[in-house]
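Visitor: I am new to this structure and would like to learn how to read it. Could we go through it feature by feature?

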Amino acid sequence: MPPFNTSSFTSGDYARPEGQMGLKLAVLMHQSNASMTYKSANTLNLQEDDLILEVGQGGGDHIAELHRRHPGIRYTGIDHSHTLHAHCAENETLKALDCKFVEGKARQHTLPFADNTFDALLAVNLIYFFDDLAAITDEYARVLKPGGRIAIAFKDKATLQSAPIELNGLNLYQPQELQAAMESSGFDDIAVTSHSEDVLRFDGSWAERTYHIVTAICAA
């Protein structure tokens, strides 16, 4: 990944990448965060015919690999970036996999899906953009079937604070805060795993990154 100057980006650019620069940023975010995505998906114990929702699918560069690793899943992605939604919806490879994409305002604590729709839900590097964790975990519980699995991954507070990005407008959470929100939403079997790895940052520097994956089961 070549060095990339992120000094001009705001938290809003990361939350909603748009236009040609948004497409470039989505590629860089995929290259940086793919390991988080795949490790998080592995915790969901995905089975053939499982209907999985990914909240904030970004540019979708990881989706074909998810299908390869978890054959037979039925994938739906939602993103409120018009650019990234169109990019994924028009991708011929993803069309062939019968993926579905919804352009929706997922940051406003509502999802345009019926109750008890999905077998699994995945959200990676998203919770920084929410200011009410309980509201969004309530919504995640609503759209999951009883017994549905959820995995939410996010970078450690110290990792984000050391990164060369603009943090204004981001909410830096720790695992216990998300655990508390999920407990209030009625999730069971809540567990946290923490992972550290060396990653190449957008600016070309190497750094150790710590991130957390919070998993749970939707109550019956």
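Guide: We can begin with a pair of charged side chains. This is a predicted model, and in it Arg-16 and Glu-18 form a salt bridge, with 3.2 Å between the closest N and O atoms.

Visitor: What counts as a salt bridge here?

Guide: A side-chain nitrogen of Lys or Arg has to lie within 4 Å of a carboxyl oxygen of Asp or Glu. At 3.2 Å, the pair of Glu-18 and Arg-16 is a salt bridge.

Visitor: Is Glu-18 buried, partly exposed or exposed?

Guide: Under 20% relative accessible area a residue is called buried, over 50% exposed, and in between partly exposed. Glu-18 has 33% and is therefore partly exposed. Arg-16, with 38%, also counts as partly exposed.

Visitor: How many salt bridges does a search of the whole structure find?

Guide: The search gives ten. One of them joins Lys-95 to Glu-92, with the closest N and O atoms 3.4 Å apart.

Visitor: Where do Lys-95 and Glu-92 lie?

Guide: Both belong to helix α5, which covers residues 92-96. They are three residues apart, or about one turn of the helix. Lys-95 is partly exposed at 44% relative accessibility, while Glu-92 reaches 57% and so counts as exposed.

Visitor: How far apart are the C-alpha atoms of Glu-92 and Asp-131?

Guide: The separation is 36 Å, for two residues that are 39 residues apart along the chain.

Visitor: Which parts of the chain does the salt bridge of Asp-119 and Lys-145 link?

Guide: Its closest N and O atoms are 3.2 Å apart. The pair links distant parts of the chain, since Asp-119 is in strand β4 and Lys-145 is in strand β5, 26 residues away. Asp-119 has a relative accessible area of 14% and is therefore buried. Lys-145, at 28%, is partly exposed. Elsewhere, salt bridges with shared partners join Glu-65, Arg-68 and Arg-69 into one network.

Visitor: Which residues of helix α6 are buried?

Guide: Helix α6 spans residues 133-143, and its buried residues are Leu-133, Ile-136, Thr-137, Glu-139, Tyr-140, Ala-141 and Val-143.

Visitor: What covers the buried residues of α6?

Guide: The cover includes strands β1 (51-55), β4 (118-124), β5 (144-155), β6 (187-200) and β7 (206-218), and also helix α8 (175-184).

Visitor: Now the whole chain. How many helices and strands are there?

Guide: The chain has eight helices and seven strands. Its radius of gyration is 16 Å, close to the 17 Å that the globule rule gives for 220 residues, so the chain is as compact as a globular protein of that length. Taken along the principal axes, the C-alpha atoms fill a box of roughly 45 × 40 × 30 Å.

Visitor: What share of the residues is buried?

Guide: Of the 220 residues, 52% are buried. The chain exposes about 9,800 Å², and carbon and sulfur atoms supply 48% of that area.

Visitor: What share of the contacts with a separation of 6 or more comes from residues 24 or more positions apart?

Guide: Such residues account for 73% of those contacts.

Visitor: And how far apart are the mean positions of the positive and negative charges?

Guide: The 17 positive and 29 negative charges of the chain have mean positions 3 Å apart.

Technical notes. Residues numbered from 1 in each chain as written. Predicted model: local features only at pLDDT ≥ 70, side-chain atom pairs only at ≥ 80, totals over all residues. Heavy atoms only, no water. Helix = DSSP H or I, 4+ residues; strand = E, 2+ residues; numbered from the N terminus. Rg over C-alpha atoms; globule rule 2.2 N^0.38 Å. Buried < 20%, exposed > 50% of the residue type's maximum accessible area, 1.4 Å probe, protein only. Contact = heavy atoms within 4.5 Å. Areas by Shrake-Rupley, 256 points an atom, 1.4 Å probe, with all protein chains shown as cover. Lys, Arg positive; Asp, Glu negative; His and termini not counted. Charge placed at Lys NZ, Arg CZ, Asp CG, Glu CD.
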